[in-house]
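Q: I'd like a close look at the aromatic ring pairs in this one, please. Take it from there into the secondary structure, and spell out your cut-offs as you go.

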Amino acid sequence: MTRKVVPSILDSIGDTPLVELGNLIPGFGSRVFAKMERFNPSGSIKDRTAYSMIRAALQSGELVPGRSVVVESSSGNLAIGLAQICRYFGLRFVCVVDRNTTERNLAILDAFKVEVEVVTEPDPAGGLLAARLRRVRELAATVPNAYWPNQYANPMNPRAHHETMREIEEALAGKVDYLFASVSTFGTLRGCADHIRRAGLPTTVVGVDAVGSVIFGQPAAARLLPGHGASVRPPLADNSMVDEVVHISDLEAVVSCRRLLMTEAILGGGSSGATVAALEKVSDRVPSGSNCVLIFPDGGDRYVDTVYSDTWVRRNFGEVSHLWKEPFEMSVPA
């Protein structure tokens with residue numbers, strides 16, 4: 001197979017593979033597919049979001065290479081996506097993270113020479129996210145030539161994911177019966193749902209949220225895993241875009257990540273595991289013969305010190321390895 005040559009690293013964003021998961025749920029009467037967003041150049045679906053926002057600002061003149069300063073809040077993946085894009089365009093980038101950001105992600109940001117500010121104290125009303133946003137507003141108001149993309153409200157965030165859903169639709173010739181997407185900024189889910197409505201697809205959209213997240217009106221609680229859920233409801237959130245919501249606990253996400261690895265040899269991130277857990281919860285209600293698509297926002301390499309660390313799992317949940325060490329029936333290619 002001949003592979004195309006792209007003119008820059010940013011032109012490799014998107015067109016990620018859709019992989020069938022034939023071993024995931026033994027005896028399941030429907031097909032399951034994963035949209036593998038880890039194959040974007042900086043490793044996550046947030047490359048699409050970051051490039052969409054920065055490209056629009058460059059085209060409008062709001063951002064000027066060599067003069068403007070990008071200021072943003074992120075728990076990890078968007079920060080890394082923005083780091084690569086800002087480095088490519090010669091834009092200074094100041095990123096506000098919090099104390100839960102992993103050492104691995106901080107090291108990647110340092111490699112790109114991002115200026116990082118770490119928020120350590122949560123806001124009484126909205127936790128660490130609210131504290132990060134407060135600091136971003138302060139920087140945007142005081143740093144000369146600052147530009148805040150604001151992933152939480154920027155319409156170019158969901159706009160990027162019209163393309164994500166278009167790729168899924170084309171790969172399955174329009175037969176997308178269920179879409180499972182985790183929520184944080186609401187950009188991925190909203191963009192996919194926009195495309196589904198415009199294309200007239202008969203797709204049931206399942207929003208996958210974290211237990212302890214306030215996005216759908218649940219009470220706030222401590223969460224261990226970044227990537228899905230939020231302590232502040234994002235402006236992009238729109239409940240009408242979702243047909244069903246499934247809340248997944250940290251433990252359920254960890255167990256499903258481990259089961260995904262055992263059954264499909266896929267090292268998925270925490271929010272990928274959450275979509276697997278959500279499918280398992282509703283699988284008895286999925287009509288036989290359906291096509292179910294799970295969006296896997298990133299890979300598990302950034303979670304090796306948490307989700308895939310036996311020590312971390314035992315410290316937070318006790319001895320739970322029996323939950324993913326069951327025997328699985330694996331399919332063997334002919």
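A: Counting Phe, Tyr and Trp rings (the six-membered one for Trp) as paired when their centres lie within 6.5 Å, you get four aromatic pairs. One of them is Y88 with F89: the ring centres sit 5.2 Å apart and the planes make 90 degrees, so this pair is edge-to-face. That label needs planes over 60 degrees apart, while under 30 is stacked and the rest are tilted. Y88 is partly exposed at 44% relative accessibility, and F89 is partly exposed too, at 24%. Here buried means under 20% relative accessible area, exposed means over 50%, and partly exposed is in between (1.4 Å probe, protein chains only). Y178 and F180 make a stacked pair, with 6.4 Å from centre to centre and 25 degrees between the planes; both of these residues are buried.

A quick word on the ground rules: this is a predicted model, so local features need pLDDT of at least 70 and side-chain atom pairs 80 or more, while totals for chains, interfaces and linings use all residues. Numbering starts from 1 along each chain as its sequence is written, and side-chain values use heavy atoms, with hydrogens and water left out.

Now the sheet. Helices (H or I, at least four residues) and strands (E, at least two) are DSSP runs numbered from the N terminus, and two strands pair if DSSP finds at least two bridges between them. Four strands line up as β5-β4-β3-β6 in an open, parallel sheet. β5 (115–119) and β6 (146–147) are at the edges with a single partner strand each, so one side of each has no neighbour in the sheet. Two bridges join β3 (residues 69–73) to β6, and V69 stands opposite A146 in β6. Helix α2 (residues 77–89) packs on this sheet and touches β3 and β4 (92–98), its direction making about 170 degrees with that of β4. Contact here is heavy atoms within 4.5 Å; axes are lines fitted to C-alpha atoms, for helices over the stretch in contact, with angles from 0 to 180 degrees between N-to-C directions.
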